Amino acid sequence: RVEAQGCGASFTGAAFSVAPGYFVTNAHVVAGAERITLRGEVGAGRGTVVLFDPELDVAVVRVADLRLPALVLAPES
């Protein structure tokens, strides 16, 4: 779960691991956030946005302290 605080508000959303320490979430969840935390069954960690695309509504968040296996995506057909 992504928790983002900023601009006097809090937002939450889902995320999934794409590489150890890197997670994909919706850009609107982390837009303008001053603090981002990812929480899961194995722990939590502070995050930093490393990619932000508001047109696709996608963001990549790096959380060095939260290393999970990447989600295996289906091959393109």
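The model is predicted: local features need pLDDT of at least 70, side-chain atom pairs count only at pLDDT 80 or more, and totals for chains, interfaces and linings use all residues. Residues are numbered from 1 along each chain as its sequence is written, and side-chain values use heavy atoms, with hydrogens and water left out.

## Overall form

The protein chain contains 1 helix and 7 strands, where helices (H or I, at least four residues) and strands (E, at least two) are DSSP runs numbered from the N terminus. Read from the N terminus, the order of elements is β-β-β-β-α-β-β-β.

The C-alpha trace spans about 40 × 30 × 15 Å along its principal axes. The radius of gyration of the protein chain is 12 Å, which agrees with the value near 11 Å that a compact globule of 77 residues would have. This radius is taken over C-alpha atoms, and the globule rule is 2.2 Å times the number of residues to the power 0.38.

Contact here means heavy atoms within 4.5 Å. Among contacts between residues at least 6 apart in sequence, 55% join residues at least 24 apart.

## Surface and charge

The accessible surface of the protein chain comes to about 5,100 Å², and 55% of this surface belongs to carbon and sulfur atoms. Accessible areas come from the Shrake-Rupley method with a 1.4 Å probe; for residues, only the protein chains shown count as cover. Of the 77 residues, 30% count as buried. Buried means under 20% relative accessible area, exposed over 50%, and partly exposed in between (1.4 Å probe, protein chains only).

There are 6 positive and 8 negative side chains in the protein chain, and the centres of the two sets lie 13 Å apart. Lys and Arg count as positive and Asp and Glu as negative, while His and the chain ends are not counted. The place of a charge is taken as NZ of Lys, CZ of Arg, CG of Asp or CD of Glu.

## The largest nonpolar core

A nonpolar core is a set of buried Ala, Val, Leu, Ile, Met, Phe, Trp, Tyr and Cys residues joined through side-chain atoms within 4.5 Å. The largest such core holds 12 residues: Val2, Ala4, Phe23, Ala27, Val29, Val30, Ile36, Leu38, Ala59, Val61, Val63 and Leu66. At least two residues of this core come from each of β1 (2–6), α1 (27–30), β5 (35–40) and β7 (58–62). The greatest contribution is that of α1, with 3 residues.

Val30 touches Val2, Ala4, Thr25, Ile36, Val49, Phe52, Ala59 and Val61, when residues up to four places away in sequence are not counted.

Ile36 lies in strand β5. With neighbours within four places in sequence left aside, Ile36 is in contact with Val2, Glu3, Ala4, Val30, Gly45, Arg46, Gly47, Val49 and Val61. The C-alpha atoms of Ile36 and Glu3 are separated by 5.7 Å, although these residues are 33 apart along the chain.

Phe23 is found in strand β4 (residues 22–25). The contacts of Phe23, apart from neighbours within four places in sequence, include Ala15, Phe16, Leu38, Ala59, Val63 and Leu68. Phe23 and Val63 are 40 residues apart along the chain, and their C-alpha atoms are separated by 7.7 Å.

Strand β5 also holds Thr37. Not counting residues up to four places away in sequence, Thr37 touches Arg1, Val2, Glu3, Gly45 and Arg46.

## Accessibility of selected residues

| Residue | Relative accessibility and class |
|---|---|
| Phe23 | 3%, buried |
| Ile36 | 5%, buried |
| Thr37 | 8%, buried |
| Asp57 | 23%, partly exposed |
| Gly40 | 44%, partly exposed |
| Cys7 | 68%, exposed |
| Gly8 | 87%, exposed |

## Loops and backbone

Most residues other than glycine have a negative phi. Cys7, in the loop between β1 and β2 (9–13), has a positive phi near 55°. Asp57, placed in the loop between β6 (43–53) and β7, also has a positive phi near 55°.

Gly8 lies in the loop between β1 and β2, whereas Gly40 lies in strand β5. Gly40 and Val29 are 11 residues apart in sequence and 17 Å apart in space, C-alpha to C-alpha.
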